[in-house]
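Hi there,

Here is the structure I promised to pass on to you.

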Amino acid sequence: MARDLNYLKAVENFKKYLTVDRAYSKLTVKEYDHDLKLLYKYLKNEQDFDEDFNISEISKYEISEFLSDIVLSYDNSAVTRNRKLYAIRSFFKFLQKREYIEKNPAMTIESSKTRTTAEPIYLKLDEAKKYIKVIKEADLLNKKRDLAIVKLFLYAGLRVSELVELDLEDIDYEDKSIKFFGKGNKERYVPLHADTINSIKQYLPERNKIDPNDKDAEKALFLSTRGNRISPRSIQLFVKKYAKMAGIKNASKVTPHKLRHTFATMLYNKTKNIKVLQDLLGHENISTTQIYTHTDQKQKKEAIDELPDF
């Protein structure tokens with residue numbers, strides 16, 4: 001039977017194993033430690049994990065998100081990304097052998113082709129419009145709820161963990177904003193686009209037809225059809241489903257975090273104000289926000305076209 005373990009304690013145990021049992025060099029052990037600490041920082045900053053989280057909380061989803069985003073943050077090549085994947089796989093393989101976990105969540109993640117350049121996975125404007133249109137036209141029971149949720153990602157850039165915890169009272173319709181306690185139990189204030197407010201209002205009559213299962217569900221903004229507060233997993237599944245319905249390129253890689261990435265990319269491209277973006281995303285360090293300052297191929301071409309004739 002698997003035993004759970006604190007993540008940082010698990011990393012220390014793994015380093016001892018590499019040093020004593022495998023006789024790895026100090027430099028190699030340092031590289032493994034660096035990659036695993038980078039994963040720790042990412043899970044705290046972007047996936048809203050607590051500081052003392054356990055290894056059982058990490059799934060394939062979070063590891064995949066880390067590997068794709070880390071390429072953007074540090075301009076890593078596919079080779080470097082694969083090295084990080086190997087380090088994470090080895091770490092969880094060690095934990096599996098020691099019976100701390102039953103399955104290795106990194107085992108089925110595919111390595112990148114070394115000759116391809118990783119591009120940021122976010123929706124371009126035309127893709128986002130197509131995505132929204134598909135939800136509006138879908139003949140599905142929860143489309144009003146799903147549309148309101150997607151617009152909170154695309155217009156407000158919420159983390160999925162923040163969105164599922166939203167309560168009815170968190171929405172200020174007069175001020176057109178939401179106030180909630182986000183990462184680190186810090187109060188966040190996020191203005192809401194009028195389109196988002198309208199979608200939430202259109203969803204509320206549908207929500208009110210559902211009988212909440214418990215006290216927590218009674219105050220929750222978003223409910224499942226069974227009357228529970230909606231789960232992150234449910235959102236992850238329908239976000240991907242609509243991406244496939246809309247024929248989005250790399251639809252299988254479209255996640256709630258990629259919709260947050262879309263919001264951040266579009267807002268930065270519009271304003272070039274990284275401080276405002278940092279505050280809206282709830283980032284403690286501006287270095288985390290800099291992942292969203294990349295430029296796409298269209299912007300690069302437009303910049304070249306602006307050069308004068310010689």
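Strands E2 and E3 pair in the antiparallel sense, over 5 bridges. Please keep in mind that this is a predicted model. Within that pairing, Phe180 stands opposite Arg188 in E3, and Lys179 has Tyr189 of E3 as its bridge partner.

On to the other pairing: E1 and E2 also run antiparallel, joined by 2 bridges, and Ile171 stands opposite Ile178 in E2. These two strands form a hairpin with 4 residues between them. If you step through the turn, you will come to Lys176, which has a positive phi of about 55 degrees.

Put together, the 3 strands make an open sheet in the order E1-E2-E3, with antiparallel pairing. Its edge strands are E1 (171-172) and E3 (187-191), each of which pairs on one side only.

**The chain as a whole**

Besides those 3 strands, the chain has 14 helices. It is 310 residues long, and 47% of them count as buried. Looking at contacts between residues at least 6 apart in sequence, 60% join residues at least 24 apart.

In soluble globular proteins, nonpolar side chains tend to be buried together. Here the largest nonpolar core has 53 residues, and those with the most contacts inside it are Tyr131, Leu152, Leu158, Phe222, Ile235 and Leu259. Which elements give two or more residues to this core? They are the helices H5 (125-137), H6 (143-156), H7 (160-164), H8 (194-207), H10 (232-245), H11 (256-271) and H12 (274-281), along with strand E2 (177-181). The largest share comes from H6, with 8 residues.

Apart from this core lies another one, of 34 residues, which includes Leu43, Ile70, Phe94 and Ile101.

Leaving aside residues up to four places away in sequence, Leu158 touches Leu152, Phe153, Leu163, Leu166, Ile178, Phe180, Arg188, Val190 and Arg260.

**Two packed helices**

Next, H5 and H6. Their axes come within 9 Å and cross at roughly 160 degrees. Angles over 145 degrees count as roughly antiparallel, and H5 and H6 are therefore roughly antiparallel to each other. The crossing is left-handed. On the H5 side the contact is made by Tyr131, Ile132, Ile135, Lys136 and Glu137; on the H6 side, by Lys143, Asp146, Leu147, Val150, Lys151 and Leu154. Tyr131 is also among the residues with the most contacts inside the largest core.

**Two loop residues to check**

Finally, two loop residues for your backbone check. Asn250, in the loop between H10 and H11, has a positive phi of about 55 degrees although it is not a glycine. Its relative accessibility is 39%, so Asn250 counts as partly exposed. Lys272 sits in the loop between H11 and H12 and has a positive phi of about 60 degrees, again without being a glycine. With a relative accessible area of 46%, Lys272 is partly exposed.

Best wishes

Key: Residues numbered from 1 in each chain as written. Predicted model: local features only at pLDDT ≥ 70, side-chain atom pairs only at ≥ 80, totals over all residues. Heavy atoms only, no water. Core = buried A, V, L, I, M, F, W, Y, C linked by side-chain atoms within 4.5 Å. Buried < 20%, exposed > 50% of the residue type's maximum accessible area, 1.4 Å probe, protein only. Contact = heavy atoms within 4.5 Å. Pairing = 2+ DSSP bridges. Axes fitted to C-alpha atoms, helices over the stretch in contact; angles between N-to-C directions. Parallel < 35°, antiparallel > 145°, perpendicular 65-115°, else oblique. Left-handed = near helix turned anticlockwise from the far one by under 90°.
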